[in-house]
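Please look through the structure below together with its sequence, and keep both at hand while reading the report that follows.

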Amino acid sequence: MNIFSRIASWFRSSEPPAAPAAAQRVWPKHDVYATSFADPEDVRRFQACKRQGKTDQECFKGGDNGIGTPRLGRINSAGSSIGVDTTAPTPMCALPPEDWRPLGAAAAGAKVSVTVGDRTVICELRDTMPSKKNVKNGAGIDLNPAAAKALGLKPPFKVRATWQFV
């Protein structure tokens with residue numbers, strides 16, 4: 001062994017390098033009540049309210065327009081953020097802003113695993129709920145009709161559920 005090999009061996013580790021840390025974060029599970037949103041009766045009540053000439057804010061008190069918040073929607077061809085039709089057959093959910101804001105720009109369409117009983121569905125985050133302090137029914141997650149159907153639930157409902165970002 002020449003001198004250069006000997007010096008190089010002093011700097012080599014005898015242990016293999018550690019594997020890089022997993023890039024995927026493990027998110028906590030949340031035990032909450034799940035409720036329904038954008039079910040046909042919600043949308044009907046909202047539309048009836050709008051036909052009376054009331055504002056969206058007034059009509060949201062009694063129903064849902066079935067369109068998710070543009071902040072968690074998609075970008076259209078003009079480059080504008082638009083809300084997603086939450087009455088579509090894709091399982092979707094809404095969370096309070098305190099829960100989705102830590103994701104930042106990745107919140108739109110984030111995957112959320114929701115379990116009720118022995119059934120689990122993966123939803124897209126496409127709408128927002130009021131801040132936790134303003135939630136009046138105790139819900140921690142809202143589920144659209146497609147998510148409800150996948151979990152065997154019929155709107156309206158309020159059931160115990162567990163959710164987690166995946």
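The protein exposes about 10,400 Å², and carbon and sulfur atoms supply 54% of this area; accessible areas come from the Shrake-Rupley method with a 1.4 Å probe, and for residues only the protein chains shown count as cover. This is a predicted model, in which local features need pLDDT of at least 70 and side-chain atom pairs count only at pLDDT 80 or more, while totals for chains, interfaces and linings use all residues. Residues are numbered from 1 along each chain as its sequence is written, and side-chain values use heavy atoms, with hydrogens and water left out.

Of the 166 residues in the protein, 38% are buried, where buried means under 20% relative accessible area, exposed means over 50%, and partly exposed lies in between (1.4 Å probe, protein chains only).

## Helices, strands and the barrel

The protein has five helices and eight strands, which are DSSP runs numbered from the N terminus (helices are H or I with at least four residues, strands are E with at least two). Along the sequence they follow the pattern α-β-α-α-β-β-β-α-β-β-β-α-β. Six of the strands close into a barrel in the order E1-E7-E4-E6-E5-E8, and the pairing is mixed; two strands pair if DSSP finds at least two bridges between them. Neighbouring strands of this sheet are turned by 45° against each other on average, direction ignored, with axes taken as lines fitted to C-alpha atoms, for helices over the stretch in contact, and angles running from 0 to 180 degrees between N-to-C directions.

## The cysteines

A search of the whole structure finds one disulfide, a term for a pair of cysteine sulfur atoms within 2.5 Å. This link joins cysteine 49 and cysteine 59, whose sulfur atoms are 2.1 Å apart, and with -85° about the S-S bond it is left-handed. Because cysteine 49 lies in helix H2 (residues 40-51) and cysteine 59 in helix H3 (residues 56-60), the pair ties together parts that are 10 residues apart in sequence.

Cysteine 123 is accordingly in no disulfide.

| Residue | Relative accessible area | Class |
|---|---|---|
| Cysteine 49 | 12% | buried |
| Cysteine 59 | 1% | buried |
| Cysteine 93 | 0% | buried |
| Cysteine 123 | 1% | buried |

## Two details of the backbone

Where in the fold does alanine 38 lie? Alanine 38 is found in the loop between strand E1 (30-36) and H2, and its phi is near 60°, a positive value in a residue other than glycine. With a relative accessibility of 2%, alanine 38 counts as buried.

A second detail concerns the peptide bond from proline 155 to proline 156, which is cis, with omega near -5°. Proline 156 belongs to the loop between helix H5 (145-150) and strand E8 (158-165).
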